[in-house]
Amino acid sequence: MPPADNPATSAEETRRLQATFQDRPLSAHGAQWDSLWTASYTPWDRGGPSAALDDLLAERGSDLFFQGAGEEKTTEKKRRRARALVPGCGRGYDALLLAAYGFDVVGLDYSAAATREAAGVEASVGAEEAYRPRGEEGEKGTVTWLTGDFFGDEFLGKAGTESFDLIFDYTFLCALPLEARPKWAKRMSQLLARDGGRLVCLEWPLHKPASSGGPPWGLTAEVYVAHLSRPGEEVPYGQDGRPVEDDAGQPAADGLKRLVRVQPRRTHRAGYDREGNIIDFISVWSH
């Protein structure tokens, strides 16, 4: 049965979100998200970290992820902690979960109001079970909250890195209009470390018709494959809002390949149908 976290976004809330962004260019979307955060209107907030991500790291971490990748050459076999990025981090629950697994995490959001709230959540959760240390050596990683544009480079200087060993996308791609998807895929390819980097996508909303508008925009497995295999390229869509299959298309040199796609044992309430069945999927990608 669905967990007792915050309910899925209602039809009325979805209509308000769609009205907020209707007929506005992508360049204006960041300010609109910030206005919603400033007004404390956040129906998408889940109230806690992703159980699907937690289970993936706990059960498949050793074979899917390279903890401590990038051995430091200047010290005696000291390894740096793997770096993670959560774009559109909101109140930061997933960034804090990744830190519990030993990652040094950047929680990035366009809205300063969101990153302020994330810092407040970090200060308040303390020793809650959801964020207990799970890293190799029982130590948490660090979390840096940054306000900035995912598509720009300015936040990278503050982050102290140009690439990340793990990037987690949940309710981020679905917040972007269709015309921004090539740009999203290109940016993911650029930011993901080429040596062992992993992009983790909790695919949502898979239950929503792709042609019904957004945000959140309906997604399918084909959307991820079409865009991530050829980052930055335009992908043709049919009238049903789904990518048109192109058998002649070959993965680009900077494209990502899917390593695994599984249905999680647990997920947020928004990822269940009315009968209590999980409809989310979680996928892992690499160069």
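The model is predicted. The protein contains eight helices and seven strands. Of its 287 residues, 52% count as buried. Among contacts between residues at least 6 apart in sequence, 70% join residues at least 24 apart.

**The largest pocket**

- The volume of the largest pocket is about 810 Å³.
- Its lining is made up of 39 residues, and those nearest the centre of the pocket are Gly-88, Asp-109, Thr-171, Phe-172 and Ala-175.
- Four elements each supply at least two residues of this lining: the helices α2 (29-38) and α4 (93-100), and the strands β1 (83-87) and β2 (104-109).
- The greatest contribution to the lining comes from α2, which provides four residues.
- Sorted by class, the lining of the largest pocket holds 22 nonpolar, ten polar and seven charged residues.

**The contact between α7 and α8**

- The axes of helices α7 and α8 come within 8 Å of each other and cross at roughly 60°.
- This crossing of α7 and α8 is right-handed.
- On the α7 side, the residues that take part are Arg-181, Pro-182, Trp-184, Ala-185 and Met-188, and they meet Val-223, Tyr-224, His-227 and Leu-228 of α8.
- By class, the contact of α7 with α8 has seven nonpolar residues, one polar residue and one charged residue.

**Cis peptide bonds**

- Gly-214 and Pro-215 are joined by a cis peptide bond, with omega at about 0°.
- A cis peptide bond also joins Pro-215 and Pro-216, where omega is about -10°.
- Pro-215 is placed in the loop between β5 (198-203) and α8 (221-229), and Pro-216 lies in the loop between β5 and α8 as well.

**Residues with a positive phi**

- Most residues other than glycine have a negative phi.
- Ser-40 is not a glycine, yet its phi is positive, at about 55°.
- In the chain, Ser-40 is located in the loop between α2 and α3 (51-64).
- Ser-40 is classed as exposed because its relative accessible area of 55% is over the cut-off of 50%.
- Thr-171 likewise has a positive phi of about 55° without being a glycine.
- The loop between β4 (166-169) and α7 (181-191) contains Thr-171.
- Thr-171 has a relative accessible area of 23% and is therefore partly exposed, since this class lies between the limits of 20% and 50%.
- Thr-171 is also one of the residues nearest the centre of the largest pocket.

- Thr-20 belongs to helix α1, which spans residues 11-21.
- Why does Thr-20 count as buried? Its relative accessibility is 14%, and buried means under 20%.
- Leaving aside residues up to four places away in sequence, Thr-20 touches Gln-32 and Leu-36.
- The range of α2, 29-38, includes the positions of both Gln-32 and Leu-36.

Definitions and conventions. Residues numbered from 1 in each chain as written. Predicted model: local features only at pLDDT ≥ 70, side-chain atom pairs only at ≥ 80, totals over all residues. Heavy atoms only, no water. 1 Å grid on protein atoms, 1.4 Å probe; cavity = no way out; pocket = protein on both sides within 12 Å on 5 of 7 lines; lining within 4 Å. Points joined across faces, edges and corners; volume = space filled by probe spheres on them. Nonpolar A, V, L, I, M, F, W, Y, C, P; charged D, E, K, R; others polar. Buried < 20%, exposed > 50% of the residue type's maximum accessible area, 1.4 Å probe, protein only. Axes fitted to C-alpha atoms, helices over the stretch in contact; angles between N-to-C directions. Left-handed = near helix turned anticlockwise from the far one by under 90°. Contact = heavy atoms within 4.5 Å.
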